[in-house]
Amino acid sequence: MDASASPSIRSSGPRWSLPRVLETLALTLVVTSTLVSIPLPPGTSVDASWQEMLIHARARGMQFGRDIVFTWGPWGYVWANYHLGAAGAARLLAWKIAASAGVALALVLLTRSLAPWRRWAFAAVFMAFNWLFQDVAFFDLIVLVGIAGLMPRGAPLWQLAAWACVLGFLAQIKFTYQMLTAAAVLAAVACLAGRRSWRGAATVAVAYSLSAAAAWVGAGQNLANFWDYLRGSLEIAGGYADAMGVDEPLWVFLCGAALAAACAAFAWTAWRKIPERGYGRCASAFLAFSMFLMWKEGFTRADGHVMGFFAFILTLLAAVPSLLFPGRRWHPFEASALLCLVGMAAADSVMLLRAPRIAWERMYGGGAMVLKLSSLPGEWQRSLDEAAASAALPAISAAVGSGTVDVYNCLTAAAILNGMNLAPRPVFQGYSAYTPRLERLNLRFYQSARAPDFLMWGAEQLDWRYPGQDDAMLIAALPTHYAPLFSEGRFWLLKRTSALSGAEPARRLIFNARVRLSDEVVLPPQRDQAIWLRADAVPNALGRARALLYKPARIDLVTTDDEGQRRSWRLIPRTARDGLVLVPTLAEGSDMALFLRGEASSWVKSFHFEAPGSQGEFWRYVDVGVFGMPGIPLKPVFRAGPLVRLGILDRAPISVSSTVSTEIIDVGKGKALQLHAEGELVLGVPPGASRLTFGYGIREGAYTGSGHTDGVDFEVDAVWASGRRERLWERYLDPVTRAEDRGTQQLDLALPGDAPLRLILHTGAGPRNDNRWDWSYVCSLRMLAEGAP
Amino acid sequence: MSTGATDRPAGARGALERWILIATGLAALAPYVAYHGFFARLYWFGDEFDLLDQIDRLGFWKWMWLVFAENFVPLFKLLWGGGALLFGGSYAVMVALVWLTHALNVMLLGRLMRTCGFAWAAVLSAQAVFALTPANMETLAWTVQWSAVLSATFMLLALDSFLRSPYGRAPIGWGAASALSFSRGVLTGALLAAASLWGGEGAPRRSFFGRAAWALAYLSPALIVGVLITRMATGNHQHMAGHGAEAAVFGLWYYCLNPAYLVLSVDSWGWRTVALLGLCKAALVAWAVLRSRGRLRLLVVLMVAFDLGNAVLLGIGRYHTGLLATVGSRYQYASLLGIAPAAGFWLAWHWERLPVSAAARRLSFAVVLALAAYCMCRQWSAGLDVFTATRGSDSRRLLLVDKDPSPNSVPGIPFLPMDRAKALIAKYDLH
């Protein structure tokens, strides 16, 4: 041991004595009580789904990297916040308690060289705030293992090996921890190599590798899948920021940015000022990396995640400056605690105020859980039964039977709770197929013999993404291979009818364009096939810098459909680069069912891109490719709802049909239904109706410019229950030759008093039977009772 | 040499320095020489027709003393109008005059920086960017902008003259010439006055009143021109009421964005870009002011003041043109001049601290400088292709070839009738 080394980098802490042992035990006990959390009853929310999936995967022996591609690793199930009943409960509880106690003991041991008040302060701050974000405890532990466990001068080999083994185990909980532990090991190896402690460096590297492999195998995983797990997780991590970014309020950002600057300054100070150069540089570089990682994690999806950054720095402040600069009583960096608290208050002041109480409740709850361990499995089973009852899908369960089933988009818990034979695609949460490679993994799964017999289709979309963008390649491949059966609850059940071929669906380029934000792109008027959109949104230099240091700017796709409805959707740039099904808009399960039947009720007419929150500053342009999908022919199906909502009709029609197209258009001050001749609108006649009023005409453009309609016959027939049919009114409009036939005409027609059953409004193609320019329309149709104005 | 600064050489080394500076001036002509084919396309455009029209209507001498907008620039008019008449309407010669003046400015900038003790690395890097960046395209390819270039020449001469022999009379003349060449040339007098009052290290020793008297003397031509402009000219400054905020915002955007926006080809636009570039610029300026000493600091401060003054005057004069105009190529010249010494000093200071031998440092610096110069020269090609098409080929076709052009389609000056433009072309043999 180097006697001249500063205290923080000596290998051994204070000598053990009875009071120190008792203090260590006491601290470990209280910290453990805050770490042991009581799992919640099962649910079917997004969070519950993936956490229950981890437990389910463990129980089913699913292989990470092959069967599951996710950022949580094979040991992640131990920290799931939900349980799945009595099955495996005893083992899960044992692991939860043992692992929490292990984490707590490690934290206490790693801080035992601090002054007494700092040890207690660290424990207090940790207990008060670590629960705000799950990763805080593990980040704290890994950072402390790196700095205080692996890098001290003169540490015995057994100690280095022990701490490296801890990191190896932590690495298999979550991919983020894998990266952080790898960074800790790299920094430690560099530090030890710099001291020419080759045996120490080798010990750390070997112990870490072996323990990581042992933890992997210990979780029932095959080592051959480890590389695939790393690649898949890296792919998800790489696409996360593009897809999951959520903006925070300005004050939170300002606090975070100021804190990040303080962190950078502290790391820079450590780099320059720590007397032992090698140790200083390795420790500060690793510390800076950990802070940057948490900054990115916290501020990319800046909802509750921002608390993670503030809580992580706050807990570190109690220990790390003192570990790195042991000769100093205070370090200016510690003043950043105020920034952390202000940032937390700006993000969620209620949560901050309740923090002590919640910390106490967690301690109390953790203790209570340990005390009633034996009764927990029974309680869990009862709550599982209740959750299963409330999530029951009897019809779907019966139809699926023992067949395999997958769930789109991400609510896999629905299948788990209904006891179905879940066979999920590898990226089992559709929204986290952030990149084309991940999408292809899922597509290949469906193209393989492992493809599920059934698919439960839910229309939930995270962050208001464009429907059908998640797993877009898979969606495009489903028509003709899966057929809709029926809907129950929030799901449509789709059944596999044939195996998917290995080829991707054919796409035929319609046009390419380079557009700027807000440039409207109009789609061709044909309504005969699905449309595939490729959109490569290219950021400028500022946008790239923002993505690297903070998070990518957002970009939205704004669609206008045939009904004139404008809707704004979030676009995921990485997957949009390869494409998505733009037409039809699969906003609901019924849209998907129609899509699989070769029909569509919603057609995008045009679209453009927008950047919310004045983030247009970060984008250069978007390269757009619009493709037809001849392999997915579609037939328009009219939806009556908008006709009433937009005031075109006063009631839902029995049917609307046209030999060419039906479309909602703008005429004058309102909307109209274009009923291109030959067209027919069938209406039921309500009791008491005595008059029919409506506007009708031929759309401008059919007789102006190059338009040359030969006129349209408008006719109204009444049909009685007996089958009798009688013409009530007819008129021929010829706007090309008669100026008075242009524009909207009005009709007020008295209805027969002997209660006709239906009225049929027919548009005919005119005297020469040429309907090429017969853009006839009707609007403001009302059936009125006697005396109505 | 570890501060980015060096002592002034003497004797044979002084002669060598002169030759190096002359060589840098000649090197500044590289884009003009390399792309002379593009420059030959250029033709009289916009305001130039207006000036020729005024000469023709008012007569040369009366026109010379005429005040228009915020400009009272008889010296520029004498040289520009004289050139147009003397060289028989040749636009190519006029452009060549602008480039020669620019080459002189590059040389003068180097001389001024060396006078103040900047290291060669600082001088050459500052000169290279100032000389070769295509950000100056409109300034160097539109002869109306000779006004700004000439004014810069006289300003550099005034400052160099003052710094070489403080409190001499020559700077008064150069300051007056600068003010009479360009409206924002009044800043030269203010800079000279500030230099006179400078009490910091490296400043000449005089009593405060003595310095104040000289400051007033240096300021007087600028004050006179300023009063003339204020009283007689009809620019924005006559109706600023209610537009102060717009002018301030325009000036702020101008100062923050330039010259980095065009020099670095920044492609984003908005307040974040302004804030980022502004913070970087402020950090660079603060660093350079704090790190420099003596006359080196004096020059840095003076040029920063020049840049800021330019931003203020430009805000007043151009706030109505919209914020996009703040990054117009025609406004880069002053901004480049303002930041070049600080940026050169920063680069040289850090280059000196590279952990390699002095020879390797010099060699690597030469290689990087040569590469940067080459890249900047190459960038002219794409920009000139478009610029000389709209300001040259299209104008020539419309004015000289088209048989029946639209009556109000004179490029850049729609209010001048086409017939009048054709008459001017014929009378002055514009080619």
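I started with Thr153(B), which sits in helix α10 (residues 146-164) of chain B; helices here are DSSP runs of H or I, at least four residues, numbered from the N terminus. The model is a predicted one, where local features need pLDDT of at least 70, side-chain atom pairs count only at pLDDT 80 or more, and totals for chains, interfaces and linings use all residues. Residues are numbered from 1 along each chain as written, chains are lettered from A in the order written, and side-chain values use heavy atoms, without hydrogens and water.

Is Thr153(B) buried or exposed? I found 4% relative accessibility, so Thr153(B) counts as buried (buried is under 20% relative accessible area, exposed over 50%, partly exposed in between, with a 1.4 Å probe and protein chains only). Its side chain reaches the backbone oxygen of Val149(B) at 2.9 Å. Leaving aside neighbours within four places in sequence, I noted contacts (heavy atoms within 4.5 Å) from Thr153(B) to Thr101(B), Leu104(B), Asn105(B) and Leu108(B).

Next I looked at helix α20 (residues 418-428) of chain B, where Met418(B), Ala421(B), Leu424(B), Ile425(B) and Tyr428(B) are buried. Seen down the axis of α20(B), these buried residues fall within an arc of 120 degrees (taken from the directions from the axis to the C-beta atoms), so they line one face of the helix. They pack against α4 (47-58), α6 (74-86) and α19 (358-401) of chain B. On the other side of α20(B), I found Asp419(B), Ala426(B) and Lys427(B) exposed. After α20(B) comes Asp429(B), with a positive phi near 55 degrees.

Last, I visited Leu18(A), in helix α1 (residues 18-35) of chain A. At 61% relative accessibility, Leu18(A) counts as exposed.

Note on methods: Helix = DSSP H or I, 4+ residues; strand = E, 2+ residues; numbered from the N terminus. Polar contact = N/O pair within 3.5 Å; in protein donor to acceptor, adjacent residues only side chain to side chain.
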